[in-house]
Amino acid sequence: MAQAQQQKRSLKLTEKGVAEEGTDTDEVVISISAGFNEMKDETLAGEKHADVLREMMAGLEEEGVTARVVRFYDNLDLGVIGLEGAKLSGSGISIGIQTRGTTLIHQEDLVPLNNLELFPQAPLIDLETFRAIGKNAALYAKGDTPEPVPVANDPMARPKYQALAALWHIKEMQHKDESKEPTEMEVSFE
Amino acid sequence: MTEDDSHRTDGSGELEGAARKRSKRFETLDERAVTEDGFVNEWPEVGFVAMESPNDPEPSVTVEDGTIVEMDGKDRAEFDFLDRFIADYALNVEKAEEAVAVDSVSFARDLVDINVPRDEIVELSTAMTPAKLCEVVNQLDTAEIIMAMKKMRTRKNPGNQCHVTSVEDNVAQIAADAAEAALRGFYEAENTVGVARMAPLTALAQQIGAQCGRGGVITQCAVEEATELELGMRGMTGYAETVSVYGTEDVFKDGDDTPWSKAFLASGYASRGLKMRYTSGAGAELNMGQAEGKSMLYLESRCVLVTKGCGVQGLQNGGISCIAIPTSVPGGVKEVAAENLITMLADLEVASGNDQTFTHSDKRRTARMMPQFLAGTDFIFSGYSAVPNYDNMFAGSTFDSSDFDEYNVMQRDLQVEGGTNPVDEETVIEHRERAVRALQVVFDELGFPPITEEEVEAAIYADGSKDMPDRSIADDIQAAEEMMDENVTGADVVRILAKNGFDDIAENLLGMLKGRVAGDYIQTSAVFEGDGDFDVVSAVNNPNDYQGPGTGHRLEGEEWEKKKELRFATDPEDI
């Protein structure tokens with residue numbers, strides 16, 4: 001066990017410029033928050049952001065949908081970055097994710113607090129779920145109405161993680177820059 | 001961390017390397033449940049502090065021509081909308097300057113001085129600014145907070161509220177559990193749902209169950225606002241408490257709300273004779289990262305005063321859904337008791353939390369409720385889970401149905417009124433059966449999916465939804481929609497029950513509906529006595545007059561005799 005080499009994938013996100021509104025109906029925007037892979041490189045569940053992003057992209061790709069990654073600096077509210085991402089997405093569908101791992105699937109014609117699917121308990125979202133989220137986002141993009149990805153519920157998640165989640169959120173607010181536009185990101189895995 | 005996992009010492013007594021030799025004592029301690037809890041060191045700059053942040057304002061107030069023109073270090077021109085609302089509607093302006101000028105230490109002493117009656121305290125405390133209330137309460141230690149709560153609670157007799165929910169939204173189970181909860185002595189029962197569209201049916205099931213025992217248990221179904229209000233207007237519920245207020249403007253705005261919009265909603269309930277209280281509690285603002293560097297207690301004191309300003313009779317606070325945030329920092333459990341006390345100082349009803357999981361440790365969850373339990377509050381738990389926690393759709397409470405005996409024993413041990421009574425198994429089974437049979441008839445008459453004999457039998461003897469047969473939620477949702485479309489009301493249910501031999505439940509349900517017309521139970525801290533006579537007991541007709549030994553509510557006489565009945569105690573006569 002001690003000798004087992006764990007495969008480590010690292011994620012490099014490079015700014016490509018202001019994100020434009022997409023026209024390709026086969027694309028889904030993944031909205032990432034200001035501190036994603038910057039403030040921390042893993043979620044509260046301990047999943048590496050590299051793996052999280054890769055699984056969501058794989059879930060999209062296996063349905064023949066391409067992913068665009070857009071970072072939002074001006075707002076940390078998941079409902080808002082999810083919705084704004086959906087408006088930039090050619091298909092009108094986005095996945096929004098915060099550094100701590102809280103995730104949702106959003107659609108351009110909804111209001112911020114009303115989304116397609118919400119995964120509020122960040123500590124419970126594993127890689128398998130992230131892949132399923134990617135797949136469902138792809139299905140919504142293609143106009144399907146998939147069965148929602150099952151949401152985990154654990155009454156002991158609050159005792160363990162609520163204070164930490166608040167702390168992470170506050171730390172992430174230091175990465176916020178209200179003057180900066182949503183930015184297209186180039187993704188590479190090393 | 002390192003490839004080298006061999007043991008190594010450098011002779012200094014300190015261990016190096018990956019496999020540091022562990023103390024067996026510490027290994028044992030690491031196994032304890034409390035190590036699973038989230039603890040955080042204080043970070044006052046952002047408000048990660050329970051009480052007394054360096055950023056909390058100093059109390060002050062200036063009144064000109066009957067208007068507060070300066071409060072807690074801010075001129076009126078700089079007020080945010082909470083300051084403005086509090087200054088204009090929450091404080092007794094006539095007394096404000098006098099109240100803020102009072103020495104805080106001496107006023108804090110008055111809180112624990114049995115010779116100073118409650119009325120005298122309230123005269124000034126209802127004129128105090130948020131910062132002043134904090135400065136006063138900050139002088140107290142936990143034992144003194146308990147003493148102060150004992151005197152300052154508005155209603156003389158303490159009480160309790162429960163949660164009645166099912167992870168399957170199983171109506172037969174909910175009716176039976178509501179009946180048992182009523183029998184056990186809860187004044188209020190609160191339901192919510194797994195699937196939102198089930199709310200009309202679960203509310204109906206809880207209402208029938210709750211009225212089948214003592215009569216007069218007030219029920220609630222916590223769902224989306226418009227639905228919740230409509231269920232109340234239909235007579236399916238009798239109160240609401242999930243209208244939330246916050247301590248900073250940013251959090252209010254995030255929810256597209258203002259104190260004025262909340263006041264409007266509150267009047268929607270009050271004008272229809274429905275009891276209502278607000279909800280707030282430490283940690284909500286931090287959870288949104290919008291605490292402005294203020295302590296949790298200071299922000300909560302603003303919530304209390306917004307509630308007061310809205311004219312709402314009471315507040316549910318004490319952490320509530322963000323409870324694991326205050327309890328992660330030093331003094332957090334003290335802080336939640338302090339916020340309950342501030343609510344009482346504002347002369348409001350308090351439903352004092354103890355209603356959401358915050359720890360893995362049995363000792364911590366018991367210690368956390370001691371201030372409210374020992375002092376007695378209007379609702380010590382807001383809600384005690386009357387179902388197993390796996391069925392608790394508020395994500396788990398601090399105490400659940402498996403703690404019923406232990407909670408009764410604590411009351412018996414300490415001679416304290418905790419708001420529940422011992423019950424015997426036979427009576428519980430009788431009541432559960434009566435409730436689920438009544439629901440079966442109502443479902444039948446309304447043409448809803450039948451409640452089968454198998455379900456009736458299972459519900460009578462069930463501990464939780466795991467003991468219930470499967471039931472189609474899709475069919476029930478359809479029935480719930482019909483129920484709303486066809487305008488089924490509480491009066492229709494009364495008629496069905498009376499026609500089918502459930503006169504007692506029909507009488508009780510009618511009593512609830514009459515109660516709404518009379519409107520007496522929307523007074524501060526009002527509950528029904530729960531004996532089927534529908535006499536209202538409130539801060540108006542039964543005010544707390546505690547002034548030391550021999551006064552106030554005392555657990556004695558018949559009430560105390562009930563607490564003594566422990567079903568597994570040995571009777572000396574049997575030996």
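Reply: A nonpolar core is a set of buried Ala, Val, Leu, Ile, Met, Phe, Trp, Tyr and Cys residues joined through C-beta atoms within 7 Å, where a residue is buried if 20 or more other C-beta atoms, placed from the backbone, lie within 10 Å of its own, exposed if 12 or fewer, and partly exposed in between. Here the largest nonpolar core has 210 residues, and those with the most contacts inside it are A:Val28, B:Ala175, B:Leu341 and B:Leu439. Its largest share, 10 residues, comes from helix H8 (residues 171-184) of chain B; helices (H or I, at least four residues) and strands (E, at least two) are DSSP runs, numbered from the N terminus. This is a predicted model, in which local features need pLDDT of at least 70 and side-chain atom pairs count only at pLDDT 80 or more, while totals for chains, interfaces and linings use all residues. Residues are numbered from 1 along each chain as its sequence is written, and chains are lettered from A and ligands numbered from 1 in the order in which they are written.

Me: Which residues is B:Leu439 in contact with, leaving aside its neighbours within four places in sequence?

Reply: Two residues are in contact if their C-beta atoms, placed from the backbone, lie within 7 Å. By that test, and with those sequence neighbours left aside, B:Leu439 touches B:Val171, B:Ala172, B:Ala175, B:Ala205, B:Ile208 and B:Ile451.

Me: In what order do the seven strands of the open sheet in chain A lie?

Reply: Two strands pair if DSSP finds at least two bridges between them. In chain A the order is S1-S7-S3-S2-S4-S5-S6, with mixed pairing. Strand S1 (11-18) and strand S6 (117-119) of chain A stand at the edges with a single partner strand each, so one side of each has no neighbour in the sheet. From one strand to the next the twist averages 30°, with axes taken as lines fitted to C-alpha atoms, for helices over the stretch in contact, and angles running from 0 to 180 degrees between N-to-C directions. Helix H2 (residues 78-88) of chain A packs on the sheet, touching strand S2 (27-32), strand S3 (66-71), strand S4 (93-97) and strand S5 (103-107) of chain A, and its direction makes about 150° with that of S4(A).

Me: Is S2(A) mostly covered or uncovered, and how is S2(A) joined to S3(A)?

Reply: S2(A) is mostly covered, as six of its six residues are buried: A:Glu27, A:Val29 and A:Ser31 lie on one side, with A:Val28, A:Ile30 and A:Ile32 on the other. Six bridges join S2(A) to S3(A), and these strands run parallel; A:Ile32 has A:Arg71 as its bridge partner in S3(A). The chain crosses from S2(A) through helix H1 (residues 49-61) of chain A to S3(A) in a right-handed β-α-β crossover, a term that applies if, with the strands pointing away from the viewer, the path from the first strand over the helix to the second runs clockwise. S2(A) also runs parallel to S4(A), joined by four bridges.

Me: Where is B:Val49, and is B:Val49 buried or exposed?

Reply: B:Val49 sits in the loop between helix H1 (24-30) and strand S3 (61-64) of chain B, and counts as buried because 29 C-beta neighbours lie inside 10 Å. Leaving aside neighbours within four places in sequence, B:Val49 is in contact with B:Glu42, B:Pro44, B:Ser295 and B:Val329.
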